[in-house]
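Welcome! Here is a short tour of one protein chain and the way its parts meet. Take a moment to look at the structure before reading on.

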Amino acid sequence: MIRFENVTKVYDQTARPALDSINLEIDRGEFAFLVGASGSGKSTFLRLVLKEDRASSGAVYVAGQNVANISSWRVPRLRRGIGVVFQDFRLLPQKTVFANVAFAMQVIGKSRSVIRDTVPEVLKTVGLEGKENRLPHELSGGEQQRVAIARAVVNRPGILLADEPTGNLDPTTSMGIMGVLDKINQNGTTVVMATHDDDIVNEMRKRVVELRNGVIIRDEAKALYTSMIPVVGQSRRLRDASGRDAEPAPDPGGTTRTEVRDAGGNQL
Amino acid sequence: MRLQFVLAEIGSGLRRNLSMVVSVILVTFVSLTFVGAAGMLQLQINQMKGYWYDKVQVAIFLCSDGSTATGCATGPATPEQQDNVAKLLASPAVAQYVNDFQFESKDDAYKHFKEQFSNSPIVDSVTPDQLPASFRINMKDPEKYQIISETFSSQAGVETVIDQRQLLERLFSVMNAASLVAVSVAGVMIVCAILLIATTIRLSAFSRRRETGIMRLVGASKIVIQLPFILEGVIAAVIGAVLASGTLWAVAHFFLGGYLSKQYPDTAFISAGQTLVLAPALIGLGVLLAGVSSLLTLRRYLRV
């Protein structure tokens, strides 16, 4: 669904690249975490998928299409196939929950009857039935993020990108949001989530791609936030073997130390 | 749905930005009024030129009923006198200065008079008999007017010889200068209007950046995102252009038609209806300048 081939992104010629020859493939229907410190290249990755930026070299494929070959007037069509959720929700404060979600359909020209049918259905999926007429400031943070997710998926995109969607939320609420994202993933949507939230990553046990200084240093299936094998050389070997799952997931028994260190006993 | 959405966006944009929109309307109104004033002066010049101005330079008027000139003591010009003038015009001594000439009978004169003064009440009180017949001469060299004048003034049956250009040219040069001034003022005002429209669109785009950001993300097309902004500017400019056209009409109707044409009954003025031909041009110009300036602004400030 998303494939990066030797992608490098340089913002500033004098600084190190934001992404440095990344090779990565995320399949249809997969759920992948993108982890790493600030400045490790997570957001750049998401921007390249959306064609907000152009890769300095290498090719980015989304749904089988090289985004470099998409002409600017076709970019909207690419973006219709991708839902995006942010840390700060980005709801329209003067519009109700229903209107916020309906907005995403109005602007691409969906008919009123389709909107009337689809929006309540999506709101139900994210667990907001009965709150259609609330304004965003009348909702909790978690509920606001659910509205944002509903808006992102209301046009049934094949891919959902989430940029630290739980960054502003407390752990319990975050788990609720993850439940929603998981449900959307089960319905067949590819989900890529950039996050710092170790609890969530450890809880979900999904594929984890770790970036550091623009390089993928780890790509594991059913992994934890921090790996037991933090060896850069190994990650290079992983990358060379075309990205992912080159190594079996680490033995869950071997992760005890990580959990203790990162989750402080809160884990699982 | 999409159209309805775009219209709703325009409405909310205009409401949110009301003071800026009003200033755009006023600036386009003033600038297009100056453009229109220049156009009106040119229309007026054309009106005053009448039927003959561009075709001939010198007119030899023959005596008619009411003529008081010394050459007309014997009353209206007889057919023989008329033939004499025509022969003289064709004679080699005169013909070397003349390209060609035409005879305008009283009836022709009446017809042309009616056309030129169609907006004036004087037309009802004039009959063909009161108007002189004339020879209209197209000169090889308009500067040689004196020769014609000397040759024909003393001819029997000739009331007067007139160099039409000399009469009107000074007036026209004043009017042309006035149109030039109007156009220059209009030029400055149009620059103002373009900058103001650009600023307005920029403010509008800034105040709605949340919406446009989300529209971008969910894949709204460029047209849906940008059209409301462009139309906002265009609508304001069209209102300004309509006001300008209305002002020109009012000037023609109340000032030219109601006041000046009574003060100067022997001058042909344009009618209020004629100024309306300027309206489509003014509206087109308004749409063009609003459209272009908002497109350029959006290209810079509203990335899609």
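Which domains does the domain assignment of chain B give? Domain 1 is made of two stretches, 2-49 and 169-301, while domain 2 covers 58-165. Please keep in mind that this is a predicted model.

With the two parts in view, let us turn to how they sit together. The centres of domain 1 and domain 2 of chain B, taken over C-alpha atoms, are 47 Å apart. The two domains do touch: twelve residues of domain 1 of chain B are in contact with seven residues of domain 2 of chain B. The table gathers some values for this interface.

| Interface of domain 1 and domain 2 of chain B | Value |
|---|---|
| Area buried | about 720 Å² |
| Share of that area from carbon and sulfur atoms | 41% |
| Salt bridges found by the rule | zero |

On the side of domain 1 of chain B that touches domain 2 of chain B, helix α2 (residues 18-49) of chain B gives the largest share, with three residues. Sorted by class, that side of domain 1 of chain B has five nonpolar, four polar and three charged residues.

Helix α2(B) deserves a look of its own. It has 32 residues, and from its first C-alpha to its last it reaches 46 Å, close to the 46 Å expected at 1.5 Å a residue. And what comes just after α2(B)? There, Gly50(B) takes a positive phi of about 65°.

Definitions and conventions. Residues are numbered from 1 along each chain as its sequence is written. Chains are lettered from A and ligands numbered from 1 in the order in which they are written. This is a predicted model: local features need pLDDT of at least 70, side-chain atom pairs count only at pLDDT 80 or more; totals for chains, interfaces and linings use all residues. Side-chain values use heavy atoms; hydrogens and water are left out. Domain bounds come from an automatic or database domain assignment. Contact means heavy atoms within 4.5 Å. Buried area is the accessible area (1.4 Å probe) that two parts lose on being put together, summed over both. A salt bridge is a side-chain nitrogen of Lys or Arg within 4 Å of a carboxyl oxygen of Asp or Glu. Helices (H or I, at least four residues) and strands (E, at least two) are DSSP runs, numbered from the N terminus. Ala, Val, Leu, Ile, Met, Phe, Trp, Tyr, Cys and Pro count as nonpolar, Asp, Glu, Lys and Arg as charged, and the others, Gly among them, as polar. The expected span of a helix is 1.5 Å times one less than its number of residues.
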